[in-house]
Amino acid sequence: MHKASTRAKGTNPAIAAEGLTKKFGSLTAVDNLRLTVLPGEIFGLVGPDGAGKSTSLRMLATIMDADSGTARIAGCDTASEAAAVKDHLAYMSQKFGLYQDLTVGENINFYADLYGMSRKGRQGRVEELLDFSHMRPFIRRRAGDLSGGMKQKLQLICALIHTPEVLLLDEPTNGVDPVSRRDFWRILDKLRQEQVAVLITTAYLDEAERCDRVGLIDQGKLMATGTPAEIKKLMDGRLLAIRSSQARKIVGLLRGEPCSKSVTLFGDTVHLVCRDSAKTTEQVSALLKREKIGYDQIRETEPSLEDIFVSLLDKNTQPAPAPPAPLHLASAMTASTDDLAVEVEHLTRRFGPFTAVDDIGFQVKKGEIFGFLGPNGAGKSTTIRMLCGLLQPSSGTGTVAGFDIQRETEQIKLHIGYMSQKFSLYEDLTVKENIRFYGGIYGLAGKHLDIRLNWALAMAGLEEHRASLTAILSGGWKQRLALACAILHEPPIIFLDEPTSGVDPLSRRQFWDLIYSMADQGITIFVTTHYMEEAEYCDRIALIYDGRMIASGSPMELKTRFMHDKIIDLRCADPQALVTPLKALPEIRDAALFGSGLHIVTPDDAAATAAINRLLESRGLSPASVTMETILPSMEDVFISLIEEVDREAAGS
């Protein structure tokens with residue numbers, strides 16, 4: 001990464017906050033915030049939902065007044081020189097600042113006009129941003145007709161249309177697929193080279209690894225600040241990584257064991273924090289052997305920022321919610337005579353000349369967690385809406401819970417739970433009132449509704465929030481409430497459309513604990529996600545691209561049978577500086593930032609390793625300063641490689 005040492009010493013901070021405090025009644029949202037960001041620096045602000053990240057950015061953007069403290073943006077005081085601050089600043093909030101009735105191109109031009117860019121001067125910038133975001137094919141589409149992820153990308157384009165001195169980004173990549181996230185960080189690196197100061201909040205902790213410095217905020221207070229390497233030194237203990245196809249079972253087995261300080265699931269790998277790595281390795285190995293649980297490896301590893309985040313904040317989280325009560329409808333798919341919960345063939349949906357879903361087919365077994373992956377605009381949400389009876393297919397056949405998706409849509413709606421990308425909650429109702437409202441929709445009443453309401457509150461851990469207005473809940477609490485409302489009527493199938501978008505890592509883990517408990521009781525879970533780690537938790541995965549199915553199978557099958565390239569993991573002091581020269585090597589297909597290092601894609605890892613060593617030698621990098629190994633691909637590697645393989649085949653045809 002671009003290191004602070006390369007910036008001119010003595011540079012005045014582009015962002016300087018001193019003692020910023022903001023209260024809402026008795027709640028202190030931001031408590032005495034002190035931070036600086038220099039020109040050409042990317043500073044990541046991370047923390048759990050409701051920690052004060054967005055409030056901090058709003059005060060710096062002059063959208064919200066601080067109760068006390070001061071802040072300066074590009075030398076201008078945010079309190080007394082708000083108009084001047086806006087001249088030096090670009091700010092992207094979590095709420096879409098788009099005009100739904102304008103097209104993509106019209107929205108971009110509106111923001112370019114707003115920033116005073118000349119028609120001639122903006123063209124190159126617009127072309128560059130359209131290419132990075134892959135939004136060029138949608139230039140004439142109305143913003144209101146875009147998917148949630150595509151709206152997020154359009155808002156990114158609008159925020160980056162001019163080059164400000166200071167850029168404030170509030171979780172800009174929520175709901176954005178891994179391909180576009182990589183492209184987005186390439187743009188950020190270019191802005192850094194242009195000496196733009198960037199303050200970014202993110203729920204993706206691998207993105208925080210790419211920042212020059214990171215601040216960890218909780219309950220309004222900045223707990224720690226430093227480079228990612230410095231923050232990682234806060235880990236109390238040693239970290240063991242245990243990779244296994246039975247990782248979920250291992251987590252349950254190791255929790256509460258004396259040898260483990262904490263146990264966390266990361267895809268197909270269990271991270272165990274312990275005091276003595278050698279002794280704990282022996283104990284865990286013996287325990288897994290006794291329980292007849294297979295594993296690929298146990299090894300000590302360096303902690304990631306997400307490990308630090310979880311270890312520091314886990315003690316402040318709520319206890320795990322009570323498991324759901326036994327379900328009655330889980331076996332009520334009376335119209336179904338086989339072991340399938342969902343079955344579709346040749347499913348197609350057209351919107352005028354545009355084909356959103358193109359002749360796809362798949363099966364989902366009862367009690368299975370089925371992951372549906374794809375880039376923004378690939379057709380995931382359209383497919384879910386057809387399966388839920390909310391949208392008629394143009395052609396094709398299918399059944400959900402044994403009911404026909406063309407003719408029995410009302411029956412389908414009674415036998416499914418559906419949680420959309422944007423939680424369908426009523427902000428001006430309390431938690432309890434939202435649950436009662438949805439209970440009424442599903443035909444629940446009287447004592448039965450009371451029983452289900454109390455069950456839902458317990459399941460989601462919301463008993464203490466039952467009288468809280470939904471509008472004041474954090475993203476993680478809203479997520480739990482939305483799930484509670486979706487499964488109130490005990491459906492045998494649940495459709496979750498990007499349910500954890502923008503939710504912090506702790507809330508994601510608690511949410512997946514709920515999903516596992518439901519799947520264990522025979523409920524079928526159909527989930528879309530852009531968190532590739534979550535894809536590892538699914539029993540099977542289907543990958544859709546441009547409306548077509550391009551791969552399906554278990555996570556391990558996708559990594560081994562469908563993944564034709566090799567992945568080399570490279571760790572060094574400044575990985576960003578190596579991306580361009582590595583991609584220029586003929587032995588290498590692609591190189592991209594992955595956490596604090598690089599993942600290098602190659603058809604021949606031996607030839608690529610030799611070429612990389614020659615490159616490192618030519619740049620004066622000693623072998624001791626670099627670690628490099630061929631690894632099993634991550635789901636993100638698989639996702640991107642398969643999509644790029646389809647693109648190469650299309651370009652060659």
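Contact here means heavy atoms within 4.5 Å, which is handy to know before the tour below.

1. A word on the model. This is a predicted model, in which local features need pLDDT of at least 70, side-chain atom pairs count only at pLDDT 80 or more, and totals for chains, interfaces and linings use all residues. Residues are numbered from 1 along each chain as its sequence is written, and side-chain values use heavy atoms, with hydrogens and water left out.

2. Leu496 and the core. Not counting residues up to four places away in sequence, Leu496 touches Ile384, Met419, Leu483, Phe511, Ile515, Ile525, Phe526, Val527 and Thr528. Leu496 is also among the residues with the most contacts inside the largest nonpolar core, which has 74 residues. (A nonpolar core is a set of buried Ala, Val, Leu, Ile, Met, Phe, Trp, Tyr and Cys residues joined through side-chain atoms within 4.5 Å; buried means under 20% relative accessible area, exposed over 50%, partly exposed in between, with a 1.4 Å probe and protein chains only.)

3. Glu498. This residue sits in the loop between strand S21 (493-497) and H17. (Helices, H or I of at least four residues, and strands, E of at least two, are DSSP runs numbered from the N terminus.) Glu498 is not a glycine, yet its phi is positive, near 50°. Glu498 counts as buried, at 6% relative accessibility.

4. Gln195. Here too is a non-glycine residue with a positive phi, about 70°. Gln195 is partly exposed, with a relative accessible area of 38%.

5. Lys22. Look for this one in strand S1 (residues 15-24). Lys22 is buried, at 12% relative accessible area.
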